[in-house]
Amino acid sequence: MKRFRNLLCASFAALLLLGSLAGAVETKTDPAPESKETPAVEKTRPSPETVLAVVEGTEIKMKDVQDILGRLDPQRAAMYDNEPGHRAILEELVNMELFYLYGQEHKVSANPEFERNLESLKKDLTRKFAIDVLLEGVTVTDEEVAEYYEKNKDKFEIPESIRASHILVSDDVEMKKVQDDLKGGMAFEDAAKKYSTCPSKEQGGDLGFFSKGQMVPEFETAAFAMKAGETTAEPVKTQFGLHLIKVTEKKEASVRPLAELKDEIREGLLNEKKAKLYQDQLTKLREQYKVEILGETEKKEESKEPASGDAGAAAAPEKK
């Protein structure tokens with residue numbers, strides 16, 4: 001019973017922390033920013049079994065604080081994973097233990113609503129642990145990961161891509177100015193900053209890497225036909241205007257290596273296995289236990305009966 005009480009208390013504390021810790025705790029004890037100065041002696045982190053507080057004989061340990069940290073979102077957990085943050089969480093755990101004692105003193109467990117909530121909580125925990133027991137043995141081997149990778153390499157293909165810069169102008173007059181400056185020795189990047197109407201002018205016309213299908217057809221055809229280091233001899237016309245294109249890098253099509261994908265594939269296969277096992281077990285349980293969805297039987301019976309119009313037509317005498 002004590003174990004169940006601790007679980008209930010911890011769950012309540014976690015719920016409170018998720019909702020009100022940001023206000024209630026942050027306003028009381030905000031975690032201090034990390035000091036830029038190197039401390040003379042680095043403090044060691046307490047072990048999980050270290051007792052941090054005792055409330056009427058009940059110990060609150062470092063592992064209780066760590067449990068709450070594990071339930072917070074990553075950003076907030078990082079904010080509180082320091083000495084002041086741990087103290088703030090400890091204060092909330094102490095508060096929850098005090099309210100537990102207050103509840104015992106006032107015999108809140110005698111309230112019928114308490115009993116209903118307790119029974120609901122027990123059911124939820126039973127369901128959770130039942131699913132955990134069902135799925136705990138599910139694993140994915142390295143061989144299964146490698147086999148999936150080999151059979152599905154097409155899913156991990158990286159298409160050919162290029163990195164290009166361009167200078168975009170509205171008409172031939174402006175393009176002539178660009179070409180004259182380039183012939184005079186101006187760098188492509190400087191000409192882009194001076195003349196281009198595209199926002200990429202701020203980066204010297206650099207568009208970054210892109211693959212086929214990401215640019216308008218005329219621009220794409222010209223760019224992918226070029227070699228790295230080349231600039232279009234003539235401007236390319238598109239719906240946006242006239243472009244001078246310079247290809248700076250090219251990457252051939254490739255396949256992401258297995259080493260890079262192992263964890264991703266393993267997680268996907270694991271989820272698939274668990275989902276299948278879960279559904280298979282549900283099918284068995286529906287065969288093992290009686291399940292009746294009220295209303296469905298009546299609907300099925302109604303669908304078998306002929307419509308009133310059809311019945312009338314069948315009963316009516318044929319006209320002569």
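Across the whole structure, a search finds 24 salt bridges. The model is a predicted one. The stops below begin with one of those pairs and move on through the helices.

Stop 1: Select glutamate 147 and lysine 151 and show their side chains. The two side chains meet in a salt bridge, at 2.9 Å from N to O. Glutamate 147 and lysine 151 are four residues apart in helix α6, so about one helical turn separates them. Side chains of opposite charge can pair when their charged atoms come close.

**Stop 2: α6 against α10.** To see the contact, select Asp142, Glu144, Val145, Ala146, Tyr148 and Tyr149 on the α6 side. On the α10 side, select Leu258, Leu261, Lys262, Ile265, Arg266, Leu269 and Lys273. Colored by class, this contact of α6 with α10 shows eight nonpolar, no polar and five charged residues.

Stop 3: Which helix supplies the largest share of the nonpolar patch? That share, three residues, comes from α10.

**Stop 4: α2 against α4.** Now select helix α2, residues 62–71, together with helix α4, residues 83–105. Here the packing angle is about 100 degrees, with the axes 10 Å apart. That angle makes α2 roughly perpendicular to α4. Show the side chains of Met62, Asp64, Val65, Ile68 and Leu69 in α2, which meet His86, Ile89 and Leu93 in α4. How many residues of each class are in the contact of α2 with α4? There are six nonpolar, one polar and one charged.

Terms used
Residues are numbered from 1 along each chain as its sequence is written. This is a predicted model: local features need pLDDT of at least 70, side-chain atom pairs count only at pLDDT 80 or more; totals for chains, interfaces and linings use all residues. Side-chain values use heavy atoms; hydrogens and water are left out. Contact means heavy atoms within 4.5 Å. Helices (H or I, at least four residues) and strands (E, at least two) are DSSP runs, numbered from the N terminus. Ala, Val, Leu, Ile, Met, Phe, Trp, Tyr, Cys and Pro count as nonpolar, Asp, Glu, Lys and Arg as charged, and the others, Gly among them, as polar. A salt bridge is a side-chain nitrogen of Lys or Arg within 4 Å of a carboxyl oxygen of Asp or Glu. Axes are lines fitted to C-alpha atoms, for helices over the stretch in contact, and angles run from 0 to 180 degrees between N-to-C directions. Angles under 35 degrees count as roughly parallel, over 145 as roughly antiparallel, 65 to 115 as roughly perpendicular and the rest as oblique.
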